[in-house]
Amino acid sequence: MVDRREFLRLGAGTALGLATGPARAQSSPGIRRYVRLGQTELKMSDISFGSASMSDPTLVRHALARGINYFDTAESYRWGGAEEAIGEALKGRRNEVTIASKTKAGAGDTRADMMKALEGTLKRLQTDRVDVYFNHAVNDVDRMKNLEWREFTELAKRQGKIRFRGMSGHGSHLTQCLDYAIDNDLADVILVAYNFAQDPSFYDKLRHTFHWSAIQPDLPRVLGKAKKKDIGVIAMKTLMGARLNDMRAYERPGSTFSQAAFCWVLSAPQVDALVVSMSTTAEIDEYVTASGTAKVTGLDMELLERYALLQSGRYCQSACSDCTGSCPQNVAIAEVLRARMYDVDYGDPLLARTEYSALGKPAESCLTCATQPCLNACSIGIPIAEFTRDAALRLG
């Protein structure tokens, strides 16, 4: 069995017997593939614009110039600033693009609450309609069971304020929530955390070489069920923490870690397209260069496997439920670690503090915890107590 140090010295391709081959040919940055988004019949750029970390109309215009035609946002991103930036940038171009936004409609919210949120979104976007409107970051199935959500979205559709409804999620109860939404026809589109490290097949090779465990083995089943019902499937969190600088030394021109990760996701038959946060013009150009290249090469696999090893024991995988119930104080461990990731990995302390505050600063109790019952709760070895305490100090 190869240890971690030896793996890094040899390289993933050598350690695992992969044929790395040449990097794919470089091409000018731009979208080269548009896909059908399930039953919506919308044509969507296979790599699309996420706005969680931006409030700059210039970035939106640059993405549009590169061929991106799907723009994902939410009322909570930059306290509405992301929606405002998209609205400003797309004035006069509205009919050329698809705009998706999100709201956190709770289990006890009313139609009036939801309509008020939608009206705010429409005002900030300077438009009369949102093409896809998601219930955002659902991790409690009661939010989807709330009849007010069904009735609100049906009313908003009749009024022409939304065209399609959806559900987004990346929490520990993701598959349960998706099953309910799919089985009860509550989603025309789903937006889910999905990356190479969440697919059990990715570990088939690795698990014989290292001590790996599959994360969310049921997720491919749920996504497959969505595809059978012709529900649009969009992937997010595709970069597994997006620590791009960790990989620069191992990349070649025409083959970067981000492009490899996108190719892996887009090669999955159960996924239509992906959305990724874009915060600089350089990121946009790097990301869209992977458009239309859904064939995973040996070099792509080498980059993905090296990255997976580098992040082993430090990246909290979306939708994993290992630590659920391990804390007697009911700290939402996975959500706390996700907020910390936005600061430590994404370099976005504003987004991190926003998400952490929305949780009610739950990790404060970790600062005085002496028993650490979460110590061995993570099967991939994340030091939960250390990370939650760090989150409380960073973000509290």
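## Aromatic pairs

The structure holds 8 aromatic pairs, a pair being counted where the ring centres of Phe, Tyr or Trp (its six-membered ring) lie within 6.5 Å, with planes under 30 degrees apart called stacked, over 60 edge-to-face and the rest tilted. One of them joins Tyr133 and Phe152, whose ring centres are 6.1 Å apart and whose planes meet at 65°, so this pair is edge-to-face. Because Tyr133 belongs to strand E6 (residues 130-135) and Phe152 to helix H7 (residues 147-158), the pair ties together parts that are 19 residues apart in sequence; helices (H or I, at least four residues) and strands (E, at least two) are DSSP runs numbered from the N terminus. Tyr133 and Phe152 are both buried, where buried means under 20% relative accessible area, exposed over 50% and partly exposed in between (1.4 Å probe, protein chains only). Ring pairs also link Tyr133 and Phe152 with Trp149 into a cluster.

Phe257 and Tyr307 form a stacked pair, with 4.0 Å from centre to centre and 15° between the planes. Since Phe257 lies in helix H11 (residues 257-266) and Tyr307 in helix H13 (residues 298-311), this pair ties together parts that are 50 residues apart in sequence. Phe257 is buried, as is Tyr307.

## Basis of the model

This is a predicted model, in which local features need pLDDT of at least 70 and side-chain atom pairs count only at pLDDT 80 or more, while totals for chains, interfaces and linings use all residues. Residues are numbered from 1 along each chain as its sequence is written, and side-chain values use heavy atoms, with hydrogens and water left out.

## Charges over rings

Two arginines are placed over aromatic faces, a charge being assigned to a ring if NZ of Lys or CZ of Arg is within 6 Å of the ring centre and within 35 degrees of the ring normal. Arg306 lies over the face of Tyr250, at 4.0 Å from the ring centre, and Arg340 lies over the face of Phe387, at 3.9 Å from the ring centre.

## Nonpolar cores

In soluble globular proteins, nonpolar side chains tend to be buried together. The largest nonpolar core here has 107 residues, among which Ile47, Phe49, Phe71 and Phe196 touch the most other members; such a core is a set of buried Ala, Val, Leu, Ile, Met, Phe, Trp, Tyr and Cys residues joined through side-chain atoms within 4.5 Å. Helix H11 gives the most to this core, contributing 7 residues. A second, separate core of 15 residues includes Ala100, Val132, Val189 and Ala273.

Phe134 lies in strand E6 and is buried, with a relative accessible area of 0%. The C-alpha atom of Phe134 is separated by 8.6 Å from that of Phe164, a residue 30 positions away along the chain.

## Salt bridges

A search of the whole structure finds 29 salt bridges, each defined as a side-chain nitrogen of Lys or Arg within 4 Å of a carboxyl oxygen of Asp or Glu. In one of them the side chains of Arg36 and Asp230 meet at 2.6 Å, N to O.

Glu151 forms a salt bridge with Arg111, the closest N and O atoms being 3.3 Å apart, and the pair links distant parts of the chain, with Glu151 in helix H7 and Arg111 in helix H5 (residues 111-125), 40 residues apart. Glu151 is partly exposed at a relative accessible area of 31%, and Arg111 is likewise partly exposed at 39%. In the salt bridge between Glu251 and Arg248, the closest N and O atoms are 2.9 Å apart; here Glu251 is buried, with a relative accessible area of 17%, whereas Arg248 is partly exposed at 34%. Salt bridges that share partners join Asp179, Asp183, Asp218, Arg221 and Lys225 into one network.

## The chain overall

The secondary structure of the chain comes to 16 helices and 10 strands, and 58% of its 396 residues count as buried. Among contacts with a separation of 6 or more, 78% are between residues 24 or more positions apart, a contact meaning heavy atoms within 4.5 Å.
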